[in-house]
Amino acid sequence: MLHPLLRRLPSITHPLSTASVHRRRCAAMAESPARYLTVAATPKASLKGVVFDMDGTLTVPVIDFPAMYRTVLGEDTYASLRSASPSGGIDILHHIETWAPAEQQRAYEIIAHFEQQGLDRLQIMPGALELCRFLDSKKIRRGLITRNVDAAVDLFHQRFGIMFAPALSREFRPYKPDPAPLLHICSTWGVSPNEVMMIGDSLRDDVVCGRRAGAFTCLLDETGRYESPDCYTDEQKPDFKVSSLEEVHPLLEDYFNLVPASQTA
């Protein structure tokens, strides 16, 4: 039986890729338990690494992003940008890159203030430590991509005693949703993108980054924010959707052949 907490979304196919074949299998599994039992006997896709977002994925979301956006953008611009986005998301970093240097500096100072408040209240996401221990037990590589700063990544590593390598912050350009950071990690590991999964809580940043790179994608939706099919553009449809990190462990075992790092060379 399909894990009762696992919810699959319609698959996304990329012609002539190993990932596309697996995604079509996964779509069949989601349609009914009977078809799942039949399709599950076929070979599983290989998975050699998992890359995580940090804020809202590995850590409990504590930054008040709407307040930060309003402070940086002003109420009118914030409302305009939010209404223009199908999912209501705003890519503030890309937006302020078009501003004059003095305005950019002011914006980055405001963002840094809100991020520091988040660091002061940093908490690890339930299930994150257990998932990392499971990946370590299988010798599956772990990477991290965040639009936060290096200092936040360093504090995360130090406070919770778990390391991700590579761990790329927004100092690595271009940042998510550009696929460059995920492709950089795949290159560093010496694996193909379709042997990697990107896990995050943002359709616009994490899912799009993963899909553009050609990786499997898993959306963490704790609050049910993305229940409506209207939330998803073609580029934003993840391969998997979970409501907690506790669901990822059985997902990986059900759908993938987990290949240890010692066998990836």
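Start by selecting strands β2 (residues 49-52) and β5 (residues 196-200), which pair in the parallel sense over 4 bridges. Strands here are DSSP runs of E with at least two residues, helices are runs of H or I with at least four, and both are numbered from the N terminus. Two strands pair if DSSP finds at least two bridges between them.

A word on the model: it is predicted, local features need pLDDT of at least 70, side-chain atom pairs count only at pLDDT 80 or more, and totals for chains, interfaces and linings use all residues. Residues are numbered from 1 along each chain as its sequence is written, and side-chain values use heavy atoms, leaving out hydrogens and water.

Now colour β2 by face. In a regular strand the side chains alternate between the two faces of the sheet. G49 and V51 lie on one side, V50 and F52 on the other, and all are buried (under 20% relative accessible area, 1.4 Å probe, protein chains only).

Finally, move to helices α3 (residues 65-73) and α4 (residues 75-84), whose axes come within 7 Å and cross at roughly 120°. Axes are lines fitted to C-alpha atoms over the stretch in contact, with angles from 0 to 180 degrees between N-to-C directions. Select P66, Y69, R70 and L73 of α3 with E75, T77, Y78 and L81 of α4 to show the contact (heavy atoms within 4.5 Å).

Terms used: Buried means under 20% relative accessible area, exposed over 50%, partly exposed in between (1.4 Å probe, protein chains only).
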